[in-house]
Each structure stands twice: as structure tokens, then as C-alpha cells.
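These are my notebook entries on one structure. I set down what I looked up, entry by entry.

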Amino acid sequence: MEYFLYMKRLLHKIAVRLLAIIVLGLFSDSLSAAKLSGVIRDERGEPLPFVNVFIKGTTRGTTANPEGVYSIELEPGAYTVIFKLIGFRQKEEAIRIMDSVNTRDVVLFPETYLLKEVTIRAGAEDPAYAIIRKAQKKRKFYQNEVQEYNCHAYVKSTQRLVSYPETLFGQKVEMGEFLDTTTGIFYLSESVSDLSVGSSGRIRERMISSKVSGDARTYSFNQASDLLFSFYDNIVNLAGLTPRGIVSPIASGALLYYDYKLEGTFLENGVMVNKIRVIPKRVSDPVFTGDIFILDDTWRIHSLNLFITKSQQVEFVDTFQISQTFLPVEKDIWMPFSNQFEYVFSFMGFHGSGLVMGIFSSYNIHPDFEKGYFDGKVMSVDKEANTRDSSYWNENRPVPLSLSEKSDYERKDSIHARIESKSYKDSMDHINNSFSFMDLLTGYTYRNTFRHTSLSVSSPIPAIQFNTVEGWNSEIRIKYVHRFGNEDRRNYSIQPSVRYGLSNNHWNAHIMGEYRYNGFKLSDIRIDAGTDVLQFNQNNPINPLINSIYSLWARKNYMKVYESRFIMMEHESEIWNGFRFGIKGEYANRIPLSNTTDYAFVTNSSRNYSDNNPFFISGDSSVFAKNQALIAELNCRIRIRQEYVERPEGKYITGSRFPEVTVTYRKGIPGISSDVQFDFAKLAVGDNWKMGLLGRLTFWMEYGKFISRKHLYPMDLMHFNGNRTWFSDFRINDFRGLDYYSYSTLDQYIQVHAEQNLGGFFLNKIPLIRKLKFSEILGVHYLHVQTRSDYLELTAGIEKLNLFRAEIFTSFADGRKGTIGAVFGLKRLF
């Protein structure tokens, strides 16, 4: 009897569970999130792209794609959905979500703008000016209204190539699988991030998901914080697109740069919105053109659609357009909902366009960030971010893909496995590794893409040089590199090199190995051993090619060298964020060298070559005795509140709001087989600061001193980056007319260098000249040593593309003004 009661209870439990499963199965669709989608068109039936679609009273929403298609996930229930686009009347739709799929197509009509009844007499001010002045008064309030917040961010970047040259610098341009010839898309990526903004604009972003068309293993380089521009700031900085930033239409001094016209008003949710045309007073100023919408009474920005062109000294980009829409997140508090960059570019025969869209939602403007939350990590990428499947993206993508974007994903994803296969990579390597005539001039590289290795051999032809010690000489370098993977910054390289001089009939050879073993600590080990010909100044201020030209054509052999037979070991690593420590040890047998040739192209010159002696024009060519040196060096680089991006493959430093401080200590260690004994320390501070409309300021200040100096040789002294030629690399600590070695010291010194890049502040106002887009460079370079009077240089020049530069300079030394000189060249970026 008990058995039957037990079975009855068991069957009852099973029946209940089966019934629950059946009920859940029947109603699972209604219990889960449903989808609302449709097409948004204008009154003529044409699709409207980039319409903002959101739930009334929230920032939860989406944006229509270029074909006007929108899609949003919603729980079952009743909603008021708002459809909003600049230039069109806002539309509200009451929608009840019932089924799993809900369709609602919408038609938007152009906004009807009404001009306020204002009597404007001849010569009177347009009503827009009064509105702008009120917005200016409220600018700082809205700039600081929300100090901290957290939100959800979606970013999509689509880059298209319309046309490209068949050849570039004599090489055939092959886009291969990177370019979809049907859609023109060569890069498409999406990302979803959790974005936090703290006081003083500190950022922390975590990329949760990432998708890159054609490569499922790659992580997107989208960064939502790049879209956090604010027109409540006086200057809108566009991430290096322009040298000086752009004046906001409601900046404190905006009336000096803009004219305004009230184009009309319209009502939205019972609030009057003013549409104001923004017109540059001078087309070449750093200003926007377009429309800005200002709310009545509160005088806050409602939305905007502004653009800049090449007239604003933008390089490579023909037009750059910014669209921004704000939504209320709380009563009387509005935050950006959608930010969008759209641009057209052209460069060296490449023509295309780009679209970067950001959707910001789910705002929390009262976050409780833990102490130390903003620790410098401005962005991190989850290792699992690129593992999300198509169902995840269908549910979480706020902006539906356009037909061309769908096509690009499908095509590139379908061929991804083939592209990543060993057979495909080997076949492409077979083509790319074929030897050509140009390789004789540029060098040859053999790659094994599948194994992540390469072997490069430099060409000896461009390395042909001349100096009075070796005569004609050249060098061949071989470099083998092995990387641990596409998404791994660890790598090692081995680089042997051989150098031969015809006049002194002498070989030099050394081999260097380098191993980066930690991409997050930026940890490197380097070992170098062999023989080499070195300049007395380790900074190599004299370019060997320039020295060759001056020697052969003018008998001015500025470069002074010695031979070093050495072994060197070095290790660098970041101990903690912003503190990088390095230690270096070297043992060298240092041998003096003498001139071995008097050869020159110029035969009738009365000028003779100077001896290979940095401190005397003539006399004893043996400037120092052969010696051995054991030298140790400690180096630390400090960057307070250093900011960085952490990706699965490693760490990328982005900068800091504080200057970089470098401390160096070098010691000559006496003892067995070492003839040197000295202690040297230096402190250097440098940075690159944005200066608003005045461009940017770059500076470098350095103080150094020999604490002890019992036994030193010429190469151990502190030398400075002088120059006696018409050419320069324009490093920040380079002088333009200083003698190479006359200020060399074994005592204390101070050097200060500062350059102001004005970014076209003056030249952009000169007709015709402004079309060249030159930046003005003003500089000062100062040197103080104990044994000489102070040396000062003042410089002025022009620069193009942050690369090509020409300068004039004058110097002051020994109590008198020097001559005016000029220098030209390519700026050394590293």
C-alpha cells in the first residue's frame, strides 16, 4: 500500500513538471524580449538614414541604418516610441509589444520652421545673436552640470574606398581581400562598451564585445571615448585632425569668429527649439559651418549638424561632419544620445569616405565610483570580446546593418577560413617574396606569414657613405624576426651587421638580439656585441649621409669617430604604471682612429680636411689613448597618472596630463681592465601641450652634472646636439648652429628647448599662402655650461604634415649676436 502511495506522489510530481515545461514552451516567446522594427521614410517614400528612435522618458533606443531600417529589443508591454531626426518633425507612436516580431513603418515630414514675430530694421542684429548670447552665459553651467556618469556605448566604424591608384612609388597597389569591390568597404567593425567618465574628464572604458569584418580573432580599435566631444567647451579638439582645434559656436569669444542667422523655430514636447545657421566670418579660421539647435528658456544645445573643410587646415580630409543629438536623462538634464562623424578623404590617389557612429544609452549620472577606479587605464578590452556569435549581435546591435554591411560581413567571414589557412598564406608569401629589381635598392624581405617570421636583408647601395677615416664604406644588415602571434606583442629578433671601409681596409661586425617578453609591462632584453665605428656623441647629431656630402664637396668632415669593440646588455621594464626602469651594462675596448684618405670631389679647394679629433682643428690626431671601459647605467622614466589602453595582446601608452620626467645615472667603474672612473647624473623634463588656438607647445629641459670625474675620455663627456650644416632632423633637443664639440663639458650644464607650433595662426590669414597649409614654428634653444658663456638660439620656420620643415635662426654667444642661418629637412618623429 505504501508503495502505491509513493508511486502516486512521484507521478504527480512528474505531471506537474511536464505541465510546467509545456506551459513555458508555449509562452516562452511572450516572456522573452520581443523585437520592434521597421522602415522610416520621408513623405516621398525615400528611406531616411540615421533617424534616432528611442523610448520616451529614457535614453534606451537605436538609430536607423543608411537604408532607414531600425530595430530595437523590448519587453512585452505598452510604449511611446519617439522618432527624431534633425530637419524633420519629431513623431511619437504609441505601440503595444505583443508578439516576438513587431513591425511599425513610420513616415517623417520636414520640420516647419516659423520665424518669430520680431521687427528687424535695416542694419539691425539678427535674433539669433540674442539666443547665442544666452547660450554663452549658460555654457559653463552645462559644461559642469554632470561631473561623473556611466553609460552603455555602441560604436560602429565603416570605411569605404571609392578608388585607388594602380601603382604607388613604382609598386603595384594590391588591395586583395581587404576591399569588397561591390560595396567599397575595406574596414567594418562594431563594439559595445561600458563607459565611465569621472571628474576632470577622466575616462575608463571596458569593451565588452567586438566584431571586425573578415577576422574573428581581431579586436576592434573602436573607442567610444573618442566620440566624447563637447560643444560646451570653448575649443573642440578633434583628435589631431586639426593643429589648433575648432572654436565652438557658443564659445566665450565665438562672436569674433561667427555670424548667425535664425532660420526658424519649432515646438517639440511643448518646448520651443531655435534653428540657427552658423556662418564663419572668415572661411579660413578654425570654425564650423552648419546648424545648431538651441532650446528656448534653458538655452541648452538640443542637437547640431556642423562640418569643417580643408579651409580649416585639415590634411587628407575634404569634409568632416559632426552630428550630435541630446536627450533628457533626468528632469532638466540632457546628455548626448548619438554622436556621429562622417568624412570624405583623398590622399595620393586614394579616395574614400568614412562613418563612425556612437550610440550612448542607459545613463547613470549618480555613479558611486570606488576610490582609485580611474587608475590611468582609459580602456580595456575583454579577452572574450571577439567570441560573441551572430545571435548576440542581433540582440545587442542598436543600429541594424545596412545591406552593404551585411554583404561585407558575409563575404569576408566566408573567406576568412581560407585566408587564414596555411596554403593560402604560403601562396601569398610566394608572390610577395619574389625578388624584384627594386629590392636591389630598398632591400629584400622574406616572410613566412603562417609562422609569423620574417628575414630581411638591407641593400648596401643606399648605405654607401664616405668619411675620412674609412673612405668609401657601406654596411649590410640582416634581421630575423619571430612574433608569437597576430594578437601577441611578444617577439624576438636577431640582427647581425657587417661594415667595410675601402680606405682603411677594415671590417667591423656586430650582432644584436632583442626579446620583448611581456607586452603588458613593455619588458625588453637587448644584447649587442662586436665591433663598430661610433661618433663621440652617442646621440649621433651628424647624419652620415650629410657628412658624406659636406666632406666630398666642401672638405668639411664634421663627423668624428672612434672604434669600439664591445659587449652590451640592457633590460627595460615597467615596474608599475607610469614608472619604467632600465639597467644597462657595457664593456668596451675603445680605439682611436685617424684619417686614412684625402679624397674629395673638389680638387682645387684650399681647405684641408681636419683631423679626426673633435676638439682640435689640427695637431695630434690621436685625441685619446686606447682604453677599456666598464660602464653601468640606470634609467627611470616617470609619468604621473599615465594613461593607457590594455588590449589582450598588450599595453599601449596614450600619454598623461603631466610632463614626462627622466632620471639617469651613469657610472664608470674602475678596476681590472677598466680605465674609467666617474659618476654622472641628469634630470630631464619634457612634454607636448595643447595650447588651444595657439597650437601646441613642445619643450625639453635638462640638468646634468658629473658628480665625480677622476678618469674620463672624450666619448664620456656630455656632448650636445650641434649642427654646422644646412640640414637638420629637428629633434626637440637639437641646436641649429651650435658647434658639435666646443661646448662639451665634464661639469654641470643646463639646456632648455621649446617650440611653439602655431598651426597656421598667421599664415592661414594670407590668401594663396593658406592653401599650402603651412604651420608656423617659433623656437628657443638655450645652453649653459660652466666653462663657456651661455648660448642662445631663436628660430622661426614653417612645417608641413608635421614632417617637412624649413627654419631660419640666429644665435647669441660670447656676449655677441651670431649670424643668421637656415636649415631644412625631415623632422625625426622617433
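What share of the contacts in the protein with a separation of 6 or more comes from residues 24 or more positions apart? I found that such pairs account for 61% of those contacts, where contact means heavy atoms within 4.5 Å.

Entry on the model. I note that this is a predicted model, in which local features need pLDDT of at least 70 and side-chain atom pairs count only at pLDDT 80 or more, while totals for chains, interfaces and linings use all residues. Residues are numbered from 1 along each chain as its sequence is written, and side-chain values use heavy atoms, with hydrogens and water left out.

Entry on confidence. I looked up pLDDT, the predictor's confidence in each residue, from 0 to 100. The protein averages 87, and 93% of the residues score at least 70. Over residues 1-32 the pLDDT is below 50, and this stretch has five contacts in the model beyond near neighbours in sequence. Residues 617-621 also stay under 50; for them I read nine contacts beyond four places in sequence.

Entry on the whole protein. I recorded seven helices and 43 strands; helices (H or I, at least four residues) and strands (E, at least two) are DSSP runs, numbered from the N terminus. The C-alpha atoms fill a box of roughly 105 × 100 × 55 Å along the principal axes. Of the 830 residues, 49% count as buried. I use buried for under 20% relative accessible area, exposed for over 50% and partly exposed for values in between (1.4 Å probe, protein chains only). The protein exposes about 41,300 Å², of which carbon and sulfur atoms supply 59%; the areas come from the Shrake-Rupley method with a 1.4 Å probe, and for residues only the protein chains shown count as cover.

Entry on charge. I read 98 positive and 92 negative side chains, with Lys and Arg counted as positive, Asp and Glu as negative, and His and the chain ends not counted. The centres of the two sets lie 2 Å apart, each charge being placed at NZ of Lys, CZ of Arg, CG of Asp or CD of Glu.

Entry on cysteines. I searched for disulfides (pairs of cysteine sulfur atoms within 2.5 Å) and the structure holds zero. C151 counts as buried because its relative accessibility is 2%, and C636 is likewise buried at 14%.

Entry on A681. I located A681 in strand β37, residues 677-690. Its relative accessible area is 25%, so A681 is partly exposed. Leaving aside neighbours within four places in sequence, I found A681 in contact with T664, Y665, Y703, G704, K705 and I707. A681 and E633 are 48 residues apart in sequence, and their C-alpha atoms are 9.7 Å apart in space.

Entry on Q223. I placed Q223 in the loop between β13 (203-212) and β14 (235-236). Q223 is buried, because its relative accessible area is 18%. Not counting residues up to four places away in sequence, Q223 touches E205, V378, M379 and V645.

Entry on backbone angles. Most residues other than glycine have a negative phi. I noted a positive phi, near 50°, at S362, which lies in strand β22 (residues 350-364). K773 has a positive phi near 55° and lies in the loop between β39 (749-757) and β40 (775-785). With a relative accessible area of 12%, K773 is buried.
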